[in-house]
Amino acid sequence: MLPYCLLKPVLFSLDAETAHELTIASMKKLGALMPPAHFHSRGIEVMGLHFPNRVGLAAGLDKNGEAINGWGKLGFGFVEIGTVTPRPQPGNPKPRLFRLPEKQGIINRMGFNNHGVDALLANVKEARFKGVLGINIGKNADTPMEKAVDDYLVGLDKVYAAAGYVTVNISSPNTKNLRQLQGESELDALLGALKARQTVLAGKHGRYVPMALKIAPDLDDAQIVNIADALRRHHIDAVIATNTTLSREGVEGLPHAEETGGLSGAPVFEKSTAVVRALAKALAGELPIIAAGGITDGAKAKAKLDAGASLVQLYSGLIYRGPELIKECVAATG
Ligand SMILES: Cc1cc2nc3c(=O)[nH]c(=O)nc-3n(C[C@H](O)[C@H](O)[C@H](O)COP(=O)(O)O)c2cc1C
């Protein structure tokens, strides 16, 4: 494989979404051809699952699970595919993905473009990944908010048997009103329904598949405490902190900074890590935290563990640093 320092200028000469499509197509091919990376790690038990290392691919890069084997060969201990919705949907009009290279940032308003849960499951069937596979579920844009719970239940039913764990994504800023599900009564109803269904599915399939909730970084301390209480009350298995931010702190005045969407990468690191810290305090070790947001080197991955996380996920950092970042993060997090 070409070193990323040679590939990056080629990818960055293309518009961001074309580069993304090329990456998925290449990773699909490389999944079969590439020798697997072997990183030394003791591995870790989280949510009752064995993770070969603490470093995972964050949701949204491989929404349809098209290149699972490729991500595995790069050395990820776990791979989260999705967000997938019950029915296929095109997402928002293009352009909808922007680089902010001066600050190692990305803004996206993709809007859960995906081929639907059945197509994702067909891809998962073909995959031979030895690590933990997470499947991240969401709602279709045209499902009314009062029926949102139904979409998550369809998602959970469909992906349950194929998943190592399931992530419930209520934190994308690009599906209208989705983040309202983080509100106290909405969250209570959603988690109650999902927990009841998880119990039924565990009996039916004879296997308990843990469920994680993915939250936004744009929450104040009181909201974080409320969410932590709901997670404990409903015995949710983990929390992923965080998704992208609506804030533009640190990127003001840069080209594309005013584009609508969620900001990720280096500019979200502090905000996201503060959420991990607040969650760790509120949860007092009762459930594990998976940290995503602005990890651009090994030290930042380690800082997420120091803030209280058990596992970390990468997305934007990979675009700027390439697969070397995975190796660095595995080394830094043991
Ligand atoms: C282009 C793009 C698409 C994303 N799509 C999703 C998604 O579909 N579901 C999701 O839960 N998170 C999605 N995310 C959020 C990431 O999984 C991650 O939580 C966030 O980008 C922070 O991590 P990072 O700073 O390492 O990128 C997306 C991020 C980007 C940049």
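Buried means under 20% relative accessible area, exposed over 50% and partly exposed in between, with a 1.4 Å probe and protein chains only. This is a predicted model, in which local features need pLDDT of at least 70 and side-chain atom pairs count only at pLDDT 80 or more, while totals for chains, interfaces and linings use all residues. Residues are numbered from 1 along each chain as its sequence is written, and side-chain values use heavy atoms, with hydrogens and water left out.

**View 1. The whole chain.** The chain holds 11 helices and 13 strands; helices (H or I, at least four residues) and strands (E, at least two) are DSSP runs numbered from the N terminus. The chain is as compact as a globular protein of its length, because its radius of gyration of 18 Å is close to the 20 Å that the globule rule gives for 334 residues. That radius is taken over C-alpha atoms, and the rule is 2.2 Å times the number of residues to the power 0.38. The C-alpha trace spans about 50 × 45 × 40 Å along its principal axes. Of the 334 residues, 56% are buried. Among contacts (heavy atoms within 4.5 Å) between residues at least 6 apart in sequence, 74% join residues at least 24 apart.

**View 2. Helix α4 and its cover.** Val117, Leu120 and Val124 of helix α4 (residues 117–126) are buried. They lie on the same side of α4, because they cover an arc of only 60° around the axis; the arc is that of the directions from the helix axis to the C-beta atoms. Lys125 and Glu126, on the other side of α4, are exposed. The cover over the buried residues of α4 includes α3 (68–73), β4 (78–84), β7 (132–137) and α5 (148–159).

**View 3. Strand β8 and its neighbours.** Strand β8 (residues 165–169) is largely enclosed by the rest of the structure, because 5 of its 5 residues are buried. Tyr165, Thr167 and Asn169 are buried on one side, and Val166 and Val168 are buried on the other. Strands β7 and β8 run parallel and are joined by 4 bridges; two strands pair if DSSP finds at least two bridges between them. Asparagine 136 stands opposite threonine 167 of β8. Strands β8 and β9 (residues 211–215) also run parallel, with 4 bridges joining them, and valine 166 stands opposite methionine 211 in β9.

**View 4. Crossovers on either side of β8.** A right-handed β-α-β unit is made by β7, α5 and β8. From β8 the chain crosses through helix α6 (residues 184–205) to β9, and this β-α-β crossover is right-handed. Right-handed means that, with the strands pointing away from the viewer, the path from the first strand over the helix to the second runs clockwise.

**View 5. Glycine 65.** Glycine 65 sits in the loop between β3 (55–57) and α3. This residue is buried, at a relative accessible area of 3%. Leaving aside neighbours within four places in sequence, glycine 65 is in contact with Ile81, Leu120 and Asn123. Between glycine 65 and lysine 28 there are 37 residues in sequence and 9.7 Å in space, C-alpha to C-alpha.

**View 6. Proline 217.** The loop between β9 and α7 (221–233) contains proline 217. Proline 217 counts as buried, at 3% relative accessibility. Not counting residues up to four places away in sequence, proline 217 touches Arg179, Thr242, Asn243, Thr244, Thr245, Val268, Lys271 and Val275.
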